[in-house]
Amino acid sequence: MSGRAGGSDTVRGVNTKTSGRSTPHQKLNPMPMFDIAKKPFIIFWELTRACKLACKHCRAKAQRDRHPEELTTEQAYDVVEQVRSFGDPYPLIVITGGDPLMRDDVFDIIEYAVSRGVRTAIAFSGTDIGRKSIEKLKSAGISRIAISLDASTAEIHDSFRGVRGTFDVSIEILKASMDVGIPVQINTTVTTRNIRDLPDIAKLALRYNVALWDVFFVVPTGRAKAEFMPSSQEFEDILNWLYDVTKLGLNVKSSAATHFRRIELQREKGIKNVSDLYHTLRDELKELERSRDEEGIIVSGGRGRSLVRDGIRRMMGVTDGRGMLFISHVGEVYPSGFLPLVAGNIKETTLSKIYNESKIFRELKNPDMLKGKCGMCEFRRICGGSRARAYAMNGDYLAEEPRCIYQPRGS
């Protein structure tokens, strides 16, 4: 799962109650039938925007206090029922924020969703929640916890998050979660400020044997500024490097960088268009490669394969508004948390009707409506570019991906 309010390759599966390493040769169970044209594969649900941090790249511009019009507990239960109305297999719910643990009823909501058969995961900021809260999450039936780590050191990470001590707290949460048996993923936001630190974050993820490393490429919305974004060539270099990282057996996915899927297919044919940055990052992995006695498999991208450690797996073709939606703290529904266009409100219209009948979702689910080079790209059905980034930079969610160097065949 992606612990964010938007992403690319998404995940689903059955909780195996284990965080142990699987082998690259593990047999994968068949995916259940899932038509993303008719129902979302994954739903990001912002329970609250309240948060104690002040992250420089926060899409939500989170505030210290809870909003008075947040969905009530009963309304939250109704959201679960609306998710179930899509039919089995149900969409995966990822509870996010703000910091969802600032709601006292978060454990009740998770327990209700799980009791109704809806798989639920949670992503939260560097709040010192304590072991008892982690044990309560396990008792409630949470499938996975996502921890944000934007650097391998406290100095860099805490400067991102705006509060000192968040790095150490995140590491403690990671250790405690794995200790009580909850699978953990690490979320990293890539900006111009932490590119050279990515190899050390990868080493940290390998050291703790996390279930997934979710690498999110910043979208200039909320507090995030355009100058935080790497260049198009840097996107290409980092994504090619992530392909190499998966060979180490680390489960990696990209969020808001769906061209990772295109890159996997190209790399299988020996094609890559990289610069010095790629080679600099690549050099940092050589020692790790020599120390590992088995080769991993590619776990995300064009083939949609995944290394399954806790039963959660991916489905191809999911991106903003296509197989994905976002519910805000007040019930507004968006294609993703990074594409701030309201398609409806669950207090007035059902999720099913919004997803299947609203103009923006109908357009986003049709890759043939994409404009510019994305519209003529042979990879548009598995990639399609970040619709959130296109909107943030061009004011048009159907415009071409602003951070992709690939030129489609025949263009």
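With which side chain does the side chain of Lys-253 make a polar contact? The partner is the side chain of Asp-214, at 3.5 Å; a polar contact is a pair of N or O atoms within 3.5 Å, where within protein one must be able to donate a hydrogen and the other to accept it, and where residues adjacent in sequence count only if both atoms are side-chain atoms. Lys-253 belongs to strand S8 (residues 252–255). With a relative accessibility of 0%, Lys-253 counts as buried, a term that denotes under 20% relative accessible area, as against over 50% for exposed and partly exposed in between (1.4 Å probe, protein chains only).

The structure is a predicted model, in which local features need pLDDT of at least 70 and side-chain atom pairs count only at pLDDT 80 or more, while totals for chains, interfaces and linings use all residues. Residues are numbered from 1 along each chain as its sequence is written, and side-chain values use heavy atoms, with hydrogens and water left out.

The protein contains 14 helices and 12 strands; helices (H or I, at least four residues) and strands (E, at least two) are DSSP runs, numbered from the N terminus. Of its 411 residues, 63% count as buried. Contact means heavy atoms within 4.5 Å. Among the contacts with a separation of 6 or more, 76% are accounted for by residues 24 or more positions apart.

Trp-213, in strand S7 (residues 212–217), is likewise buried, its relative accessible area being 0%. Neighbours within four places in sequence being left aside, the residues in contact with Trp-213 include Ile-186, Leu-198, Trp-241, Leu-242, Val-245 and Lys-253. Thr-188 is also one of these residues, and a polar contact of 2.9 Å joins its side chain to that of Trp-213. Ala-146 stands 67 residues from Trp-213 along the chain, and the C-alpha atoms of the two are separated by 9.4 Å.

Two packed helices are described by the angle between their axes and the distance between the axes. Axes are lines fitted to C-alpha atoms, for helices over the stretch in contact, and angles run from 0 to 180 degrees between N-to-C directions. Helix H7 (residues 232–246) and helix H9 (residues 276–283) have axes that come within 8 Å and cross at roughly 30°. H7 is therefore roughly parallel to H9; angles under 35 degrees count as roughly parallel, over 145 as roughly antiparallel, 65 to 115 as roughly perpendicular and the rest as oblique. The crossing of H7 and H9 is right-handed, which is the term used if the near helix is turned clockwise from the far one by less than a right angle, anticlockwise being left-handed. On the H7 side the residues that meet H9 include Glu-234, Ile-238 and Trp-241, and on the H9 side they include Leu-277, Tyr-278 and Arg-282. This contact has 5 nonpolar, 1 polar and 5 charged residues; Ala, Val, Leu, Ile, Met, Phe, Trp, Tyr, Cys and Pro count as nonpolar, Asp, Glu, Lys and Arg as charged, and the others, Gly among them, as polar.

H7 also packs with helix H8 (residues 259–268), at an angle of about 60° and with the axes 10 Å apart. H7 is thus oblique to H8, and the crossing of the pair is right-handed. Among the residues that meet here are Phe-235, Leu-239 and Tyr-243 in H7 and Phe-260, Ile-263 and Arg-267 in H8. By class, the contact of H7 with H8 has 6 nonpolar, 3 polar and 6 charged residues.

Just after H14, Gly-395 takes a positive phi of about 75°.

A further helix pair is formed by H2 (residues 106–115) and H3 (residues 130–140), which pack at an angle of about 20° with their axes 8 Å apart. H2 and H3 are therefore roughly parallel to each other, and H2 passes H3 in a right-handed crossing. Phe-107, Ile-110, Glu-111 and Val-114 in H2 meet Ser-133, Lys-136, Leu-137 and Ala-140 in H3. The contact of H2 with H3 has 5 nonpolar, 1 polar and 2 charged residues. In the loop between H2 and strand S4 (120–124) is Arg-119, which counts as buried at 11% relative accessibility. Its side chain makes a polar contact of 3.1 Å with the side chain of Ser-143.
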